[in-house]
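Hi everyone, thanks for making time this morning. I'd like to walk you through one model, so please have the viewer open and follow along.

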Amino acid sequence: MDISIYLLLAISVVLFSLTSLLFFSVIIIRFRHRRWTKKVKQYKKDLLPPVLEYLEEGGDISNLEKYFHNDKSEYYAFVKIVTNLLSQLEGPDADRLQELLYLDPIFDHYYKLLNSRNDIDRVKACIYFSHVRLVNYKVIKKLEEFLNSSNMMLVFSAATALMGSEDVKIRAEALNSVAKMKGISDMALLELFHKFHSGEDDQLESEGEVLKEVISNPSITPENRALLILGVAERGYYNMVEFLLDKLKKPIEIWDNPDVLHALIKAQGEFYNVSSVDTIRQYLTHEHPKVVIAAIEELSDYGSEKDLTTYHTLLTHADNEVRQAAVFALINNDQNESQILSGVPDDLKEEIRNIILKFKTEKNDQ
Amino acid sequence: MNEIRAILQEFVNFMEPTSWLFIGYFLFVNLTYILLVIISFFYIRQQQNYYQVFNLKGLFNSDLYRPVSILSPAYNEQVNIIASVEALLQLHFSDFEVIVINDGSTDNTLQLLIDHFELYEIDTPSDLPIDHKPIKKVYRSPIYSELKVVDKVNGRKADALNAGINVSRKDLVCSIDADSILEPDVLVKLLKAFMEEEGVVAVGGIVRIANGCKIEDNIVKKVDLPKSYLGKIQTVEYLRSFLFGRVGWDYLDSLLIISGAFGVFDKKAVTEVGGYLHDTVGEDMELVVRLHRHFKEKGEKYSVRFLPEPVCWTEVPESWSVLGKQRNRWQRGLADTMWRHKKMLLNPKYGRLGMLAMPYFFFIEMLGPVIEIFGFVYFLIVLFLAGFNSSFVLLFLTVSVFLGMVLSITSVLCEELSFRRYPTLGNIAYLTLYAFLENIGYRQIHTWWRFKGLIDYLKGDKEWGKMVRLGIGNSQTQKQKNKIIDRIKPAGYWFVVFGTGLLVLLLVVHVLIDHSLIPDIFSIISSKTGF
C-alpha cells in the first residue's frame, strides 16, 4: 500500500479513538454528575432538618458536626442550604444562621482552599468567606494578601469577602485596592462600593471618614474617584458634604479633572446642599463642557433667577450638549419658547427649537 | 459515454495540479478549528470557575448602574407577538424597558398589541441621531409602564432596530428577534460582561434551539432536541458555532459576530458609529465589525464579548427551503461585511482582528464554499472515472468525517462540562449521531447553499428572503396542514442525503472487497443477474 494510505489510516484510527474517547467522556461526565447531584440532594435532605431545628429551637451548633463525613459534596450542600436561607432571612436569625458556616469541618475545608496555591480554589474560598462574618485574623490576613494579586478575579473576590469585616478600615483598604486597579469596570467598583456599607446606619459616619482617605488616594484613577464620589452622594454619607465642597472650592491636583469636578458638582446636588450654589456657579465658565453641563443641571434646580442670563449666554456655547443643557435649564425655570429664542443668532434658532421639542417629548414620555 | 469520460478526464487532468490546494485548504481549515476547540475548551472551564465572582447584589440598589432597553423588531409576527412581549416583561432585572418596533406589518401585529396592552399614543421623539424610515406613532401601555411600541414604515430589521435605538432611553440596548425567548435571568447574566471589563461595547449570549422544547407562556420548561432531522443537525451546528467558535474568538479578543437574535450593545457606541446599516442582509455582523473598526481607528480601549451562560432560545427553520434561504442570506451578509471592511483584511493596524479574525472569515468562512464545491465535484469525477485508489478516497473521507465529529463532540463535551442543558443520555447519543450524520449529505447541501449565497451576492441580491415562522410549538400542527406538493419539494435534498450515504456505503463495500474482507458481491450480483 501507498505511504499516504498508511498515513491516512493512522490518522483515521487516531481520530476514531479520539471521537470514541470524547463520546465516552461525555457519558462518564454525565454519570458522574448525576451521581454527584443525587448525593448533594440526599445531603440536603439530611442536613436541612437539623439546620431548621437549630434555627427554631437553638442549641449547640457543634451537634451538627456529626452529620459531616469529610466529603466535599457535604460541605457544598451545607453551604448551599445556609446561603439560600440567608438570602431569605434578616436580623438575629440571619446572624445565628451565619454561625453555622463557622462549623469546624466546613471552616477547615475552606481555610485549606484559601491557603491553596490554586487561584480557582482561592476564589472558591473567598466566595465562602464572603458569606461569613469575618472575625478570624488569619483569614483576614490571607484575604488581604490576595488584594495584591495580579488576578483580577481573585482581587475582586477577596475584596468582596473582606466587605464582611466589621472593621471599617479593613473594608476601606479592600475598596482602595480595587479602586486602584487598572481595567476594573465602573460596575464592578460600584458593586463593591455598595457592599462596603455594613448596613448599619450608625456606621455611616465612620465609613464616611475612611472614604475621605480612599477618595483622596492619588493612585486611584480620576474615573474611579468620580464614581466613588457619586456613590458617596447616592448612599448619603452626609459627613462628607463639606469635605467634597472644599475640594470643589479649591480643586487642586487630583481634584482638578473634568470627571472628578463633574462628580463633585453632581454630589452637591444629590446632597441638596444649597450652600454650594455660589461655588457651582463658578463652573459655568469652565473650559470643559462636561463640567459646565453638570453646573447648569444642578443650578437649574437650585440656582436663582440671576443664572438665567448665564444660561442665555450659554445658548451660543461651542458645544452642542452645553447648549442643550442651557435650553433645558431655561425651560425648567419657566422660560417659554419665545423668551428662550430672544437674542439667539438666526443660525442657531432651528437647533434651539428642536431642543425645546425634544425636552417636551421627554417630559411627556416621563 | 466515452466522450463524457474524455471530458471528465480532461477536467481531472486540469485540476490535478490543484489537488494539493484542496488538501492544503483541508489541513489549514481543520487546524484552525482544532486550535479554536482547544482554546475554547480551557477558556469555558475558566469562565465557569470564576462565574460566581461577580454576583450582582449591591449594584441594583444604585441608580448608577446601566439599565437596558430591549429592542424587539416585529414584522408580521401576529402568531407569537403577545406571548413574546409578555415574557419579555417578566424578565428579572431592576431597570429595563421593552420597545417593540412594528416594522410596517401587514398583518394584525400592531392591533393585537394595542388591544392586549391597551396602548395609548405618546409624542414621537424629535431627536433622532440615527437614520431610519419614518416613525408613524409611538405608544405606551398603562398596564406596563416599561413597554413602548413604535409603529413605523417598513424598512427591514436593521431599520427597525435603528428606530428602537432612537426611542430608547437606557444606556444599553439589547436587540432580539421577535420570536426569541430570553431566559428570565438573562440580563443579569449579560451584565456580568460589563462588570468583568471596562469599555465593553457589545456582548453576545448563546442562542439555543427551541424547537422540540416544552414551552409554556414563552418560557422554556423542558429542554429537548428537535424532532426533525434538520432541527437536530442545527442543534449540533449551533453548539459548535457558539461553544467553540465564539468562545474561542472571544478569548482572542476578535469576536466578529454577535447573533442578531440576541445581543447587548452600548447605546452610545452604537449611536457613535451610526447604528445598523440599512442596505445589508448581515446587519448584525456588519455592526460588530464596524464597532471594532471605529474604536481601533480611534485608538480607544474597548471590547466585544461573548458569554456562553446567558441563553436565548430561538425557533430554527425545519424545512429545507427556508433553511436554504437563511443560510444563503447569512453567506451574503458575510460577503457584504467582508467587502465593506476589506481594508481591515491582513492589515496589522487592526491587530488580531486584521491578521487573524478577518482572514479566517474571508478565506475559510467566505471563500470556503467555493473551494469545497470544487473539491466535491473533483472528488465525484475522480470516483466516477475510478482513476483513484478507492482506499485512499475512503480514508480521506473518513478523516474528514471524523475531524468534523471530533469538533462537534468537543462542543458537546464543553456543554456537558458546563451547562448540561440537554437532560438525557438519549440527547447526548442523538447529538453524537447527528455530529456524524451531518457530514453525509447535509454538509454538501450546506456548502451548496453558501456557494449560491456568494454567487447571489456577486449578482447584487440584497433580498432578505421570506422566513416562515410557524410559532414555537406549532410546527407539528402546521406540518399536518401542509399540502402534498410542499412535502414533495424537499425530495431533491433527501435524494442528495441518501445518495451521499449510498455512495459512502458503496465505497466502504468496495474497499472491503478490495482487501478480500468480504466476498465480491458486485461480481456475484452481476453473474446472477447478467448485468
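Let me start with how elements get their names: helices (H or I, at least four residues) and strands (E, at least two) are DSSP runs, numbered from the N terminus. With that in hand, look at Glu118(B), which sits in the loop between α4 (109-117) and β3 (120-122) of chain B.

First, some housekeeping. This is a predicted model, where local features need pLDDT of at least 70, side-chain atom pairs count only at pLDDT 80 or more, and totals for chains, interfaces and linings use all residues. Residues are numbered from 1 along each chain as its sequence is written, and chains are lettered from A and ligands numbered from 1 in the order in which they are written.

Now, the two chains. Chain A has 19 helices and zero strands. Its radius of gyration is 30 Å, well over the 21 Å that the globule rule gives for 366 residues, so chain A is more spread out than a compact globule. For those who like to check, the radius is taken over C-alpha atoms, and the rule is 2.2 Å times the number of residues to the power 0.38. The C-alpha trace of chain A spans about 85 × 75 × 40 Å along its principal axes.

Chain B has 18 helices and 12 strands. Here the radius of gyration is 25 Å, close to the 24 Å from the globule rule for 531 residues, so chain B is as compact as a globular protein of that length. Its C-alpha trace spans about 85 × 55 × 45 Å along the principal axes.

What about burial? A residue is buried if 20 or more other C-beta atoms lie within 10 Å of its own, exposed if 12 or fewer, and partly exposed in between, with C-beta atoms placed from the backbone. Buried residues make up 36% of the 366 residues in chain A and 45% of the 531 residues in chain B.

For contacts, the rule is that two residues touch if their C-beta atoms, placed from the backbone, lie within 7 Å. Among contacts between residues at least 6 apart in sequence, 64% join residues at least 24 apart in chain A, and in chain B that share is 80%.

So how do the chains meet? In this model, 44 residues of chain A are in contact with 45 residues of chain B. Which helix of chain A gives the most to that side? That would be α1(A), with 18 residues. The side of chain A that touches chain B divides into 23 nonpolar, 13 polar and eight charged residues. In this scheme Ala, Val, Leu, Ile, Met, Phe, Trp, Tyr, Cys and Pro count as nonpolar, Asp, Glu, Lys and Arg as charged, and the others, Gly among them, as polar.

Next, a helix pair in each chain. Axes are lines fitted to C-alpha atoms, for helices over the stretch in contact, and angles run from 0 to 180 degrees between N-to-C directions. In chain A, α10 (residues 204-216) and α11(A) pack at about 160 degrees, with their axes 9 Å apart. These two are therefore roughly antiparallel; the cut-offs are under 35 degrees for roughly parallel, over 145 for roughly antiparallel, 65 to 115 for roughly perpendicular, and oblique for the rest. On the α10(A) side you'll find Leu211(A), Val214(A) and Ile215(A), which meet Arg225(A), Leu228(A), Ile229(A) and Val232(A) in α11(A). By class, that contact has six nonpolar, no polar and one charged.

In chain B, the axes of α2 (residues 19-49) and α12 (residues 368-385) come within 10 Å and cross at roughly 130 degrees. That makes α2(B) oblique to α12(B). Phe22(B), Tyr25(B) and Val29(B) of α2(B) make the contact with Gly368(B), Ile371(B), Gly375(B) and Tyr378(B) of α12(B).

Finally, back to Glu118(B), as promised. Most residues other than glycine have a negative phi. Glu118(B), though not a glycine, has a positive phi of about 50 degrees. With 13 C-beta neighbours inside 10 Å, it counts as partly exposed. Leaving aside neighbours within four places in sequence, Glu118(B) is in contact with Ser141(B), Pro142(B) and Ile143(B). Asn76(B) also has a positive phi of about 50 degrees without being a glycine, and lies in the loop between β1 (68-74) and α3 (81-89) of chain B. Thanks, all!
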